[in-house]
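Here are my notes from going through the model, in the order I'd raise them with you. Have the viewer open while you read.

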Amino acid sequence: MTLMISKNTADCVRHSVDIIRQNQAGTGAYIASPGFVHYRYAWFRDGTFTAYAMDRIGEHESARRFYQWCHDVLMKQEPKARRAMEAARRGEWDGHENDVFLHTRYTVDGEEVPGKWGNFQLDGYGTWLWGVAEHVRLTGQTAWIDQMRPGIELTLDYLEACWRLPNYDCWEEHGDRIHPATLAAVYGGCRAVQPYLPDRSAALGALCEEIRLYLLKNGIEQGRFVKSIGNPAVDASLLWLSLPFGMVAIDDPVMTNTVHQIERLLQNGCGVHRYPQDVYYGGGQWPLLSAWLGWYYARAGKRPKAVEMLRWVESKFGGEGLPEQVQDVLLAPAAYQEWLSKEGPPAVPLLWSHAMYLVLYAELVQWPPLSEKR
Ligand code: BGC
């Protein structure tokens with residue numbers, strides 16, 4: 001099935017790129033969502049996937065500016081990161097209360113955001129490493145990575161020291177657990193930069209293997225990957241294990257069982273929920289997850305299903321762009337009103353939703369995938 005690039009697809013692509021451009025600050029930071037008060041900041045996680053999407057469609061300058069912003073933030077945070085590593089080595093995990101670890105979101109000027117938040121999240125830092133390596137691969141500009149080297153080395157030191165500590169997941173919840181998707185991001189980041197660091201290559205290889213074996217030992221129940229170590233639920237973020245982080249092969253039986261579970265318990269039509277107990281804004285369906293599953297299908301050779309997912313995401317574009325979630329099917333309808341009255345309508349536009357749409361689009365028009373041309 002070939003992708004017909006309809007006028008609607010062309011409009012959605014253009015709209016997505018415009019929204020991403022408009023919400024990239026002069027500093028290079030991408031604002032997660034300009035329309036939602038808690039998201040008017042920049043995340044390493046959302047931002048890296050946004051930069052990756054921009055790289056996939058040839059907007060390399062935008063991606064590079066974001067990665068440079070991350071690098072500047074990291075360098076500014078170096079003293080804190082070094083103190084956190086010491087604390088981690090001494091086994092002083094504090095349940096996050098005294099703000100020892102690096103934050104997950106920053107102002108566009110690279111300052112920590114004051115106030116209560118699930119700040120300690122490792123996945124964004126691994127994702128950043130992966131994104132930097134993808135930028136090099138997609139632009140061919142190997143020399144540029146030298147400019148990122150201090151930040152890369154610092155991130156690696158930090159992840160090496162901290163990866164065994166419980167930290168908040170990619171949904172910014174459950175900070176008292178360890179999450180396979182986070183492990184995958186750490187693994188994927190370390191693997192991705194390994195070829196550029198000959199001096200650290202052996203140590204990085206050993207670290208990646210340690211993380212992988214930890215996952216295989218602790219992160220599988222009944223033949224499927226689990227949401228968190230000790231919590232056997234399913235979570236759509238488990239797709240990360242294969243894509244993009246490559247910790248598990250796409251056709252690994254445990255992975256395919258996990259994907260079947262996502263389809264069975266989290267998919268309604270082409271809409272995908274995060275996890276069965278989700279109550280955030282009623283637990284709606286996240287366009288970025290439909291795009292992710294579509295990306296997985298494309299790589300698994302199920303192209304017609306991937307196209308279906310793309311079309312569904314396109315049907316969710318409104319005048320303001322793509323939201324974080326849509327409320328067509330809710331897992332916890334009563335909770336929707338509560339969130340609505342507490343925080344107002346769900347975030348729209350969400351740059352990460354646009355990013356994953358662009359990734360799926362790029363995947364479908366650039367066939368075979370660029371990443372197979374290693
Ligand atoms: C999501 C995170 C995301 C953040 C900003 C949160 O509600 O759970 O995954 O990074 O919003 O978009």
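This is a predicted model: local features need pLDDT of at least 70, side-chain atom pairs count only at pLDDT 80 or more; totals for chains, interfaces and linings use all residues.

1. The side chains of Gln325 and Gln327 are joined by a polar contact of 2.7 Å. A polar atom of the Gln325 side chain also lies 2.8 Å from the backbone nitrogen of Gly284. As for where Gln325 is found, look in the loop between α11 and α12 (333-343).

2. Is Gln325 buried or exposed? Buried means under 20% relative accessible area, and Gln325 has a relative accessible area of 2%, so Gln325 is buried. Leaving aside residues up to four places away in sequence, Gln325 touches Tyr280, Tyr281, Gly283, Gly284, Gln285, Trp286, Pro287 and Pro346.

3. Now the ligand. There are 13 residues around the ligand, and those that come nearest are Tyr39, Arg45, Asp46, Cys170 and Trp352. The side chain of Asp46 has an N or O atom 2.6 Å from an oxygen atom of the ligand. Cys170 uses its backbone instead: a backbone N or O atom lies 2.6 Å from an oxygen atom of the ligand. For Glu324, a polar side-chain atom lies 3.4 Å from a ligand oxygen. On its own the ligand has 310 Å² of accessible area, and the protein covers 97% of that.

4. Helix α9 (residues 253-266) passes a quick geometry check. At 1.5 Å a residue, its 14 residues should span 20 Å, and the end C-alpha atoms are 19 Å apart, so the two agree. At the start of α9, a side-chain oxygen of Asp252 reaches to within 2.8 Å of the backbone nitrogen of Val254.

5. Which residues of α9 are buried? They are Val254, Met255, Thr258, Val259, Gln261, Ile262, Glu263 and Leu266. What covers them includes the strands β3 (220-221), β4 (224-225), β5 (267-268) and β6 (271-272), along with the helices α10 (287-299) and α11 (303-315).

6. Last, the core. The largest nonpolar core has 128 residues, and Tyr67, Trp128, Ile152 and Tyr158 have the most contacts inside it. Helix α13 (residues 351-365) gives the largest share of this core, 10 residues. Not counting residues up to four places away in sequence, Ile152 touches Trp128, Leu129, Val132, Ile145, Val193 and Leu197.

Definitions and conventions:
Residues are numbered from 1 along each chain as its sequence is written. Side-chain values use heavy atoms; hydrogens and water are left out. Helices (H or I, at least four residues) and strands (E, at least two) are DSSP runs, numbered from the N terminus. The expected span of a helix is 1.5 Å times one less than its number of residues. Buried means under 20% relative accessible area, exposed over 50%, partly exposed in between (1.4 Å probe, protein chains only). Contact means heavy atoms within 4.5 Å. A polar contact is a pair of N or O atoms within 3.5 Å; within protein, one must be able to donate a hydrogen and the other to accept it, and residues adjacent in sequence count only if both atoms are side-chain atoms. A residue is near a molecule or strand if one of its heavy atoms lies within 4 Å of it. Accessible areas come from the Shrake-Rupley method with a 1.4 Å probe; for residues, only the protein chains shown count as cover. A nonpolar core is a set of buried Ala, Val, Leu, Ile, Met, Phe, Trp, Tyr and Cys residues joined through side-chain atoms within 4.5 Å.
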